[in-house]
Amino acid sequence: MSGLCSERVAIVTGAGRGLGRAHALALAAEGAKVVVNDLGVGLDGTGPGTGPAQLVVDEIVARGGQAVAHGGDIATTEGAASLIRAAAETYGRLDTLVNNAGFLRDRMLVNLGEDDWDAVLRVHLKGHFLPLKYAAAHWRAEAKAGRVPAARVVNTTSGAGLSGSVGQGNYSAAKAGIIGLTLVAAAEMGRYGVLVNAIAPAARTRMTEATFAETMTAPDTGFDAMAPENVSPLVVWLGSAASAGVTGRVFEAEGGRITVMEGWRPGPTADKGTRWSPAEAGETALKLLAEATAPEPVYGAR
């Protein structure tokens, strides 16, 4: 390995399995000291933990790296604050925050309960906001003390947040919210030496194996395009000092493909210079839609 993250301290949330585990191992392989966070719950966010964070720490240490486990709930104030303290108190600093934790409770909208809506937004969106908040406070203090960090945040959105996904209204809304949070954080935190980006990964995890079984099956031979390890190199680079100047961006990562997403941009427009009547507004909207690029289909729509 190149040592791209040598001497850096990284936090990865939801790092006990899947993408988070792959990111933690890849960061450690490039020299980072890693705080491995995982609550150790089931796919739907319930049930007792079984220590997956410590298992990943053991893997890293066995390979000659340095890591410590954190089992706190990062969607709570105390859990998120203690996560940032774990990095600072164990290793004396924090350089990279990878927000990855999440789970699913899929339902069609007419069957989606309020509790399932709240639970998914809590772990994905609030579970991004709170670690980001306390990391930002840490880095702001460092900057004000004259120690301007080369800090990095990598958030995790999804194709469901970019285009929507049938049966995943709660998850899609949370992941779309993460994009907005990423843009705001990039704008606010740049003055403190913090760069903030997001990835939209496609990979085989506990969540995707259940939802997209056919496309997530590992091949018997050849390149495994859905292996979570394929996504981690981009995360490592975004989390390193080498990504200087890159902030407020969203990347799709799948297999051997990396795509820069260009987001919402103004398309065809019309300006009457005064108020439209409803009929005029409708006629104009239809003309503009005829000139516009068709949106990407919502995944799973029929």
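This is a predicted model: local features need pLDDT of at least 70, side-chain atom pairs count only at pLDDT 80 or more; totals for chains, interfaces and linings use all residues.

Biologist: Within what distance do the axes of α3 and α4 come? And which hand is the crossing?

Modeller: The two axes come within 8 Å. The crossing of α3 and α4 is right-handed.

Biologist: Which residues make that contact?

Modeller: From α3, they are Thr77, Ala80, Ala81, Leu83, Ile84 and Ala88. From α4, they are Leu130, Pro131, Tyr134, Ala135 and His138.

Biologist: How many of those are nonpolar, polar or charged?

Modeller: Nine are nonpolar and two are polar. The contact of α3 with α4 has no charged residues.

Biologist: What about α1 and α2? At what angle do they pack?

Modeller: About 25°, with the axes 10 Å apart. Helix α2 covers residues 52–62. The cut-off for roughly parallel is under 35 degrees, so α1 is roughly parallel to α2. This crossing is right-handed.

Biologist: Which residues touch there?

Modeller: Arg21, Ala24, Leu25 and Ala28 of α1 meet Val56, Glu59 and Ile60 of α2. By class, that contact has five nonpolar residues, two charged ones and no polar ones.

Biologist: On to charges. How many salt bridges are there in the whole structure?

Modeller: A search finds 13. Side chains of opposite charge can pair when their charged atoms come close.

Biologist: Which residue does Glu229 pair with?

Modeller: Arg21, with N to O at 3.9 Å. The pair links distant parts of the chain, 208 residues apart. Arg21 sits in helix α1 (residues 18–29). Glu229 lies in the loop between α8 (213–216) and α9 (232–238).

Biologist: Which residues are linked with Arg21 in a network of salt bridges?

Modeller: Glu59, Arg63 and Glu229 are linked with Arg21 in that network.

Biologist: Which residue pairs with Glu78?

Modeller: Arg85 does, at 2.8 Å from N to O. Glu78 is partly exposed at 48% relative accessibility. Arg85 is partly exposed at 35%.

Biologist: And which residue pairs with Arg147?

Modeller: Glu142, with the closest N and O atoms 2.9 Å apart. Arg147 has 47% relative accessibility and counts as partly exposed. Glu142 is partly exposed as well, at 23%.

Biologist: New topic. Where is Thr157, and is Thr157 buried or exposed?

Modeller: Thr157 is in the loop between β5 (151–156) and α5 (159–163). Its relative accessibility is 1%, so Thr157 counts as buried.

Biologist: What is Thr157 in contact with, leaving aside its neighbours within four places in sequence?

Modeller: Thr157 contacts Lys175, Ile178, Ile179, Ala198, Ile199, Ala200, Pro201 and Val250.

Biologist: How far apart are the C-alpha atoms of Thr157 and Ala176?

Modeller: They are separated by 6.9 Å. Along the chain, Thr157 and Ala176 are 19 residues apart.

Notes:
Residues are numbered from 1 along each chain as its sequence is written. Side-chain values use heavy atoms; hydrogens and water are left out. Axes are lines fitted to C-alpha atoms, for helices over the stretch in contact, and angles run from 0 to 180 degrees between N-to-C directions. Helices (H or I, at least four residues) and strands (E, at least two) are DSSP runs, numbered from the N terminus. A crossing is left-handed if the near helix is turned anticlockwise from the far one by less than a right angle, and right-handed if clockwise. Contact means heavy atoms within 4.5 Å. Ala, Val, Leu, Ile, Met, Phe, Trp, Tyr, Cys and Pro count as nonpolar, Asp, Glu, Lys and Arg as charged, and the others, Gly among them, as polar. A salt bridge is a side-chain nitrogen of Lys or Arg within 4 Å of a carboxyl oxygen of Asp or Glu. Buried means under 20% relative accessible area, exposed over 50%, partly exposed in between (1.4 Å probe, protein chains only). Angles under 35 degrees count as roughly parallel, over 145 as roughly antiparallel, 65 to 115 as roughly perpendicular and the rest as oblique.
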